[in-house]
Amino acid sequence: MHSHDFQIPIGPQHPALKEPESFLLTMHGEKITSMTVRLGYNHRGIEKACEAQSYIQDIYLIERVCGICSHSHATCFIQAIEEIAGLAVPKRALYIRTLIAELERVHSHLLWLGVAGHEIGFDTLLMYTWRDREVVMDILALLTGNRVNYSMNTIGGVRRDITAEQKQEILKATDTLEERTKYYIQIATEETTIIKRLSGVGMLLYDDAVNLGAVGPTARASGVDRDIRRDDPYAAYGELKFNVITDKHCDVYGRAVVRVLELMESYKIIRQVLADMPEGPITVKAPRKIPAGEALSRYEAPRGEDVHYVKANGTDRPERVKVRAPTLANVQVVAHMLKDRYLADMPIVIAAIDPCFSCTDRLTSLRDSDSGSKNYMTWPALRSYSIEWHRKQGIDFSDLNKKFKVPGN
Amino acid sequence: MIRPGRMIIQVLRSLFKKPATSLYPFVKTEMPDKFRGKLKYYPEKCIGCMLCMKDCPSDAIVIKKVGEKKYIAEINLARCIYCAQCVDSCPKDALESTKEFELAKLTRDQLKVVISEETQSSSEPKT
């Protein structure tokens with residue numbers, strides 16, 4: 001190791017980070033030579049908890065995977081269930097789902113714009129975008145009854161209908177937001193401090209984006225023309241006209257451009273949905289017990305492709321639920337983007353993928369602090385620990401030992 | 001024109017504008033009609049089917065039989081996640097979401113609310 005080489009651990013507890021995650025940076029002077037990401041500090045056991053609850057209860061649990069893209073996760077999960085059960089969801093319900101999805105994208109992208117402004121020290125932008133974001137938050141509260149965790153979805157449709165007056169409110173808010181977004185586009189293309197700070201930072205070329213499996217705006221800013229809404233249409237997207245925004249900048253500036261231009265596409269979609277929304281029922285009766293089967297559902301969340309896998313076994317509870325949040329696909333890209341870059345670029349490059357680390361955590365791996373070994377506990381040791389723990393609770397498993405052959409012994 | 005300080009006009013204009021935030025708790029915002037706040041329970045409508053208990057994701061509601069066709073509801077406001085699934089599940093509209101959202105209390109016990117026909121008018125426990 002060269003005398004100027006050293007390692008900086010950042011996180012899991014760090015004043016600059018909003019969520020618990022750990023980065024280990026190997027530095028050469030001020031330059032980052034390599035970076036490792038360690039996740040799992042906010043593992044909540046959601047997938048396992050889903051198996052212990054009925055499908056209806058799971059909707060509300062899955063919705064809480066992420067606070068910002070709660071509708072994304074709930075819709076993705078429900079689409080999988082509806083596919084297994086073979087439910088024909090009414091068209092009006094699909095249009096309402098699309099509407100909420102786009103409003104969610106608007107609020108998420110405005111939030112990101114503010115966070116990006118904050119990370120580069122441009123807090124004026126943070127204050128203005130978050131003020132304007134309140135417009136869309138109020139609309140979401142009006143339509144669904146809550147600012148976050150909308151609980152709009154149910155198996156076989158949506159829970160709340162949209163009235164004509166509400167449509168007028170949405171159109172009015174969309175006009176306001178569109179005007180503000182045009183102003184931000186103007187700022188992003190004319191303000192030198194933004195252009196100079198973001199250009200050439202966190203470079204991710206097309207080939208690397210494809211090889212590392214980047215998703216969402218991160219991939220689209222590197223010229224990867226990929227959007228689940230167009231490539232594998234769900235809800236009402238198959239009947240709507242919109243453009244997939246891509247950019248050739250390949251840097252953080254490109255990601256900002258993609259997101260603000262996607263806002264304009266979202267307004268276009270919202271107007272189409274409101275104009276074309278058919279009349280009719282908003283829900284079909286869904287069975288409590290879902291027939292045996294499995295389904296994989298894809299959804300374009302504001303951060304990228306969200307994937308849910310559900311396996312049903314004929315009861316009212318799922319046998320297996322798997323959630324892959326978009327950040328998991330993007331987090332490895334960050335290490336690549338930061339290679340040979342300055343330490344000062346780290347906050348904005350991480351923020352540029354719009355990370356949601358707590359949504360990503362599906363597993364915690366323990367390490368022995370002395371040896372660094374990942375095998376913290378062997379299987380027989382874990383088993384005897386469990387038996388001992390239960391014995392203290394007054395449950396004796398000694399009879400079970402005779403019935404089952406112990407693996408590993 | 002590309003130059004720094006493009007937002008300065010907007011910033012200066014904001015100096016003469018009213019704050020965007022509201023002066024809570026002096027000014028209270030009206031909650032939207034669909035707001036999912038504290039639950040309201042109508043014991044006389046309840047038939048004791050327990051569907052609300054079955055569907056509750058957080059075990060926040062317990063319906064108990066106290067007599068012939070008489071039921072009480074024990075709602076734990078600390079456990080409730082205000083999804084209003086019980087309101088949707090109820091076949092007799094015995095449950096309703098209200099616009100009440102200021103539910104902070106000093107102890108956990110105060111968050112356990114028992115609603116019966118007698119206490120329906122005053123659902124708050126005596127403290």
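**Close-up views of a predicted two-chain model**

**View 1. An open three-stranded sheet in chain B.** Three strands of chain B form an open sheet in the order S2-S3-S5, and their pairing is antiparallel. (Two strands pair if DSSP finds at least two bridges between them; strands are DSSP runs of E with at least two residues, helices are runs of H or I with at least four, and both are numbered from the N terminus.) The edges belong to strand S2 (61–67) and strand S5 (112–115), each of which pairs on one side only. On average, neighbouring strands here are turned by 20° against each other, direction ignored. (Axes are lines fitted to C-alpha atoms, for helices over the stretch in contact, and angles between N-to-C directions run from 0 to 180 degrees.) S2(B) and strand S3 (residues 70–76) share 6 antiparallel bridges, and one of the pairs to look for is B:Ile61 with its bridge partner B:Ile75 in S3(B).

A note for all views: this is a predicted model, in which local features need pLDDT of at least 70 and side-chain atom pairs count only at pLDDT 80 or more, while totals for chains, interfaces and linings use all residues. Residues are numbered from 1 along each chain as its sequence is written, with chains lettered from A and ligands numbered from 1 in the order in which they are written.

**View 2. An open sheet in chain A.** Here 3 strands are arranged in the order S1-S2-S3, again with antiparallel pairing. Strand S1 (5–10) and strand S3 (31–38) of chain A each have a single partner strand, so one side of each edge strand is left without a neighbour in the sheet. Neighbouring strands of this sheet are turned by 20° against each other on average, direction ignored. S1(A) is joined to strand S2 (residues 22–28) by 6 bridges, and A:Ile8 stands opposite A:Leu25 in S2(A).

**View 3. A hairpin in chain A.** Strand S6 (residues 293–301) and strand S7 (residues 304–312) run antiparallel and are joined by 9 bridges. The hairpin between S6(A) and S7(A) goes through 2 residues. Follow A:Ala295 across to find its bridge partner, A:Val310 in S7(A).

**View 4. Two packed helices, H3(A) and H4(A).** Helix H3 (residues 70–85) and helix H4 (residues 91–119) of chain A pack at an angle of about 145°, and their axes are 9 Å apart. Their crossing is left-handed, a term used if the near helix is turned anticlockwise from the far one by less than a right angle, with clockwise giving right-handed. H3(A) brings A:His71, A:Ser72 and A:Thr75 to the contact, and H4(A) brings A:Arg97, A:Ile100, A:Ala101 and A:Glu104. (Residues are in contact if their C-beta atoms, placed from the backbone, lie within 7 Å.) By class, this contact has 2 nonpolar, 3 polar and 2 charged residues. (Ala, Val, Leu, Ile, Met, Phe, Trp, Tyr, Cys and Pro count as nonpolar, Asp, Glu, Lys and Arg as charged, and the others, Gly among them, as polar.)

**View 5. The largest nonpolar core.** This core has 125 residues, and A:Phe77, A:Ile81 and A:Val349 touch the most other members. (A nonpolar core is a set of buried Ala, Val, Leu, Ile, Met, Phe, Trp, Tyr and Cys residues joined through C-beta atoms within 7 Å.) H4(A) gives the most to the core, with 14 residues. Not counting residues up to four places away in sequence, A:Val349 touches A:Val201, A:Gly202, A:Val252, A:Val334, A:Met337 and A:Leu338.

**View 6. A:Ala351 and its surroundings.** A:Ala351 is found in helix H13 (residues 346–352) of chain A. This residue counts as buried because it has 21 C-beta neighbours inside 10 Å. (Buried means 20 or more other C-beta atoms within 10 Å of a residue's own, exposed means 12 or fewer, and partly exposed lies in between, with C-beta atoms placed from the backbone.) Leaving aside neighbours within four places in sequence, A:Ala351 is in contact with A:Val115, A:Ala116 and A:Glu119. A:Ala351 and A:Ala116 are 235 residues apart in sequence, yet 6.4 Å apart in space, C-alpha to C-alpha.

View 7. Helix H2 (residues 55–63) of chain A is mostly covered, with 9 of its 9 residues buried. Its cover includes helix H1 (46–51), H3, strand S4 (153–154) and strand S8 (318–324) of chain A, together with helix H2 (51–55) and helix H3 (85–89) of chain B. Between the chains, 19 residues of chain B are in contact with 20 residues of chain A. The side of chain B that touches chain A has 12 nonpolar, 1 polar and 6 charged residues.

Key
Two residues are in contact if their C-beta atoms, placed from the backbone, lie within 7 Å.
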